[in-house]
Amino acid sequence: MTQAPNTRFRPLSSLTPREINDVRSRLTDHPLYRLYFEAGLADLAQDTDNRLIWLGPDGLGQGVAFDGLTVFSTLGQCPSSVLAAMLDRPGAVEIHATSEEATELHRLSGAQLRSDRCLLVFGAKPQEISGARLPNPEVRQMTDTDHPSILALIQESGHRDSVYSRWMLEQPFLGCFEHGRLVATAGTIILDSDLGMANIGCFLTRREHRGKGLAGALANALVRDLSERGIRDITLVTTEDNKAACRVYERVGFSIQERRRELLFDPIG
């Protein structure tokens, strides 16, 4: 009798040492996904177990649970049943997939699919980043007390699908203020000091303050902060249709390293 394929996503904390080494060997040539994995292991030491993983003979799926959103990435061969398991998560789901997988996800999801866009992975080393420094003295590290202001900015900026969770404020996360009001942010999504790598994002700017160079200047300031902490490689992810953001990232020194598909799905029901 043919054994049914395992489609269950498990908490990262359930992996055995042998399985951890197996995953590391698969991710040798995929630095961004290795960062996701190693940062998850580091978080376990802080009692944060918000990563999910699926291990197949020829494929790997990773998930990160944010507030109201789970973000998955695939590597190798992920069968249809595993893609369906991703869609079955509570809350909204975002999947970074190959074009072939995206076709299957369209078939599986039906009306649950909200958007399907080209995803761009940018990368740079700190010494490659340049740009104006912020003249505004009201630029500082955000703290837990700023959480409500960030949520309000996400709503008002029109980027309600931004990857953000409160725990990100424990990492380098900068806010720019004008007359005491938060007008722009740039934060660290994942950081691993042992690997010397970080993934940054949450670049948000109020509509009336766009075009003033705040995103580029905050990116420059955030990269300087990370560099001082020993980070040697920095990535960020956006979609190809976000032309303004792509121009900013390329202007300050980031370059495209990979293209994938980003599919966003509404909660079931």
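Student: Is the crossing of helix 3 and helix 4 left-handed or right-handed?

Tutor: This is a predicted model. In the model, helix 3 and helix 4 cross in the right-handed sense. A crossing gets that name if the near helix is turned clockwise from the far one by less than a right angle.

Student: Which residues make the contact?

Tutor: Helix 3 contributes S80, L83, A84 and L87, and helix 4 contributes E101, E104, L105, R107, L108 and S109. By class, five residues of this contact are nonpolar, two are polar and three are charged.

Student: What makes helix 1 and helix 2 roughly antiparallel?

Tutor: Helix 1 (residues 17-26) packs with helix 2 (residues 31-44) at an angle of about 155 degrees, and their axes are 10 Å apart. Angles over 145 count as roughly antiparallel. Therefore helix 1 and helix 2 are given that name.

Student: What is the hand of the crossing of helix 1 and helix 2, and which residues make the contact?

Tutor: The crossing of helix 1 and helix 2 is left-handed. I20, V23 and R24 of helix 1 meet R34, F37, E38 and L41 of helix 2. This contact has four nonpolar residues, three charged ones and no polar ones.

Student: Which are the edge strands of the open sheet, and what makes them edges?

Tutor: The open sheet has 12 strands in the order 1-2-3-4-5-12-6-11-10-9-8-7, and its pairing is mixed. Strand 1 (10-11) and strand 7 (139-141) are the edge strands, as each pairs on one side only.

Student: How do you know that strand 1 and strand 2 pair?

Tutor: Pairing needs at least two bridges. Strand 1 and strand 2 (residues 51-55) have two bridges, in the antiparallel sense. R10 has I53 of strand 2 as its bridge partner.

Student: Which strands does helix 1 lie across, and which does helix 6 lie across?

Tutor: Helix 1 lies across strand 1, strand 2, strand 3 (59-66) and strand 4 (69-76), at about 80 degrees to strand 2. Helix 6 (residues 214-228) lies across strands including strand 9 (181-192), to which helix 6 runs at about 40 degrees.

Note on methods: Residues are numbered from 1 along each chain as its sequence is written. This is a predicted model: local features need pLDDT of at least 70, side-chain atom pairs count only at pLDDT 80 or more; totals for chains, interfaces and linings use all residues. Side-chain values use heavy atoms; hydrogens and water are left out. Helices (H or I, at least four residues) and strands (E, at least two) are DSSP runs, numbered from the N terminus. Contact means heavy atoms within 4.5 Å. Ala, Val, Leu, Ile, Met, Phe, Trp, Tyr, Cys and Pro count as nonpolar, Asp, Glu, Lys and Arg as charged, and the others, Gly among them, as polar. Axes are lines fitted to C-alpha atoms, for helices over the stretch in contact, and angles run from 0 to 180 degrees between N-to-C directions. Angles under 35 degrees count as roughly parallel, over 145 as roughly antiparallel, 65 to 115 as roughly perpendicular and the rest as oblique.
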